[in-house]
Amino acid sequence: DCSGFTSYVFAPFKKELPRRAVDQYQSSRKVDRKNVRKGDLVFFDSGSGISHVGIIVSEKGQELTMIHASSSKGIVVTSIDGTPYWADRVVGFGTFIGN
């Protein structure tokens, strides 16, 4: 599950994230797309509210890329900008880094 993955990744850094993707979004400090950094979260809505979250792994200025838990493929690295399915569903970005 995507939000379980993000919680697992942040746990060693003493960051306790809410269980659901929508709650992670609501609890995060929002980040403008132009200021997104590696380690920030990206949130998606596939039509019924925020239902997916990934972690940005690309450097600023590179093609926007995330690592996330895919229900069909497991943990994968995916280009957001290069994949219309994801690019069309981005709701926003948030961070727990520095919070």
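Tutor: Start with Trp86, which is buried because its relative accessible area is 14% and the cut-off for buried is under 20%. The model is a predicted one, and the values that follow are computed from it.

Two ring partners of Trp86 can be described. A pair of aromatic rings is described by the distance of the centres and the angle of the planes. Tyr85 and Trp86 make an edge-to-face pair, with 4.9 Å centre to centre and 90 degrees between the planes. Tyr85 has a relative accessible area of 42%, so this residue is partly exposed.

The search of the whole structure gives four aromatic pairs. One of them joins Phe44 and Trp86, again edge-to-face, at 4.7 Å centre to centre and with 65 degrees between the planes. This pair links distant parts of the chain, since Phe44 belongs to strand β2 and Trp86 to helix α3 (residues 84–87), 42 residues apart. Phe44 has a relative accessible area of 1% and is therefore buried. Taken together, Phe44, Tyr85 and Trp86 form one aromatic cluster.

Thr78 has Trp86 among its contacts, along with Leu64, Thr65, Met66, His68 and Thr83, when neighbours within four places in sequence are left aside. Thr78 is a residue of strand β5 (residues 74–79). With 15% relative accessibility, Thr78 counts as buried.

Strand β2 also holds Asp45. This residue counts as partly exposed because its relative accessibility is 28%. Not counting residues up to four places away in sequence, Asp45 touches Ile50, Arg89 and Val91. The C-alpha atom of Asp45 is separated by 19 Å from that of Val76, 31 residues apart along the chain.

Strands β2 and β5 come up again at helix α1 (residues 2–10). The buried residues of helix α1 are Cys2, Ser3, Phe5, Thr6, Ser7 and Phe10. Their cover includes α2 (21–27), β2 (41–45), β3 (50–56), β4 (65–70) and β5.

Now the chain as a whole. There are three helices and six strands, and their pattern along the sequence is α-α-β-β-β-β-β-α-β. The chain is as compact as a globular protein of its length, because its radius of gyration is 12 Å, close to the 13 Å that the globule rule gives for 99 residues. The C-alpha trace spans about 35 × 30 × 20 Å along its principal axes.

Among contacts between residues at least 6 apart in sequence, 51% join residues at least 24 apart. Of the 99 residues, 43% count as buried. The accessible surface comes to about 5700 Å², and carbon and sulfur atoms hold 51% of that surface.

To return to the part you asked about: Trp86 pairs with Phe44 and with Tyr85. Phe44 is buried, whereas Tyr85 is partly exposed.

Conventions: Residues are numbered from 1 along each chain as its sequence is written. This is a predicted model: local features need pLDDT of at least 70, side-chain atom pairs count only at pLDDT 80 or more; totals for chains, interfaces and linings use all residues. Side-chain values use heavy atoms; hydrogens and water are left out. Helices (H or I, at least four residues) and strands (E, at least two) are DSSP runs, numbered from the N terminus. The radius of gyration is taken over C-alpha atoms; the globule rule is 2.2 Å times the number of residues to the power 0.38. Buried means under 20% relative accessible area, exposed over 50%, partly exposed in between (1.4 Å probe, protein chains only). Contact means heavy atoms within 4.5 Å. Accessible areas come from the Shrake-Rupley method with a 1.4 Å probe; for residues, only the protein chains shown count as cover. Rings of Phe, Tyr and Trp (its six-membered ring) pair if their centres lie within 6.5 Å; planes under 30 degrees apart count as stacked, over 60 as edge-to-face and the rest as tilted.
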